[in-house]
There are 2 protein chains.
Amino acid sequence: MTPLEMPAAYLDLLDGPHTAVLATVLPSGTPQASPVWFLRDGNTVLVSTVSERQKHHNVARQPLATLTILDPANQLRYIELRSSVTVEDDPSMSVRDAVVVKHGYTDGSSFDKPGTTRVTLRLTPFRIIEH
Amino acid sequence: MTPLEMPAAYLDLLDGPHTAVLATVLPSGTPQASPVWFLRDGNTVLVSTVSERQKHHNVARQPLATLTILDPANQLRYIELRSSVTVEDDPSMSVRDAVVVKHGYTDGSSFDKPGTTRVTLRLTPFRIIEH
């Protein structure tokens, strides 16, 4: 399946230093929805997470996640990316570091305890809600 | 089960005019996560939604939803309410109107087409993440 194209009218939200909410599903069926930083990579979105985090377990079990980005300047405007997820290793922490820089920090390692393992969740949207 | 108590340290987010993200689960298993206005009612949270909306169908099918409120002044602070949901009628539109007033508008009916039916989703948290 060809990935959907990211809508040009929402690149400000997709490429700006915004905090989004990533929703996954816990084994109980309850949604988990927590703030994440992210990085657009073409028509996909990358989220760096510590390997032990619940959101990683959730997508390993069921590779579906939804990223919602609100416009901080207009509370009625948002984009929702309903996505399939693949998990990628990030041994060099390059995705973590790029996300940290996007948000105005310089030292990605200051966000992790020594010995932390991170993975990258790559979200490929199959439905995009533009509002 | 006694409802959890809303944490005093997060009443600013629970009672301020913030836009939250409500995550539910679509029949496909994909999360739906969309912005909502809301109103705290003691240890529960009320969300007014148009009866035909997908989020209402989702919680009618599986009465679980998670509300996540981000602190606009501190991108690392948030509260997540993993909740059971009951659906209540709102024939007088009193919940809609109270939510609209909380967000600085005066006329709730301007948000709906004539003939709209609304329901109230009452979220009772069974797990609260404070971050």
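In this predicted model, the charged end of B:Lys102 sits over the ring of B:Phe38, 4.0 Å from the ring centre. A charge counts as over a ring if NZ of Lys or CZ of Arg is within 6 Å of the ring centre and within 35 degrees of the ring normal. Local features need pLDDT of at least 70 and side-chain atom pairs count only at pLDDT 80 or more, with side-chain values taken from heavy atoms. Residues are numbered from 1 along each chain, and chains are lettered from A in the order in which they are written.

**Rings**
- B:Arg77 lies over the face of B:Tyr10, at 4.6 Å from the ring centre.
- B:Trp37 and B:Tyr105 are stacked, because their ring centres are 5.8 Å apart and their planes at 25°.
- In chain A, ring pairs join A:Trp37, A:Tyr105 and A:Phe111 into a cluster.

**Accessibility**
- B:Trp37 is buried at 13% relative accessibility, whereas B:Tyr105 is partly exposed at 36%.
- Buried means under 20% relative accessible area, exposed over 50%, and partly exposed in between (1.4 Å probe, protein chains only).

**Sheet of chain B**
- Strands (DSSP runs of E, at least two residues, numbered from the N terminus) pair if DSSP finds at least two bridges between them.
- An open antiparallel sheet of 7 strands has the order β2-β1-β5-β6-β7-β4-β3 in chain B.
- β2 and β3 of chain B each have a single partner strand, so one side of each lacks a neighbour in the sheet.

Definitions and conventions: Phe/Tyr/Trp six-rings, centres within 6.5 Å; stacked < 30°, edge-to-face > 60°. Helix = DSSP H or I, 4+ residues; strand = E, 2+ residues; numbered from the N terminus.
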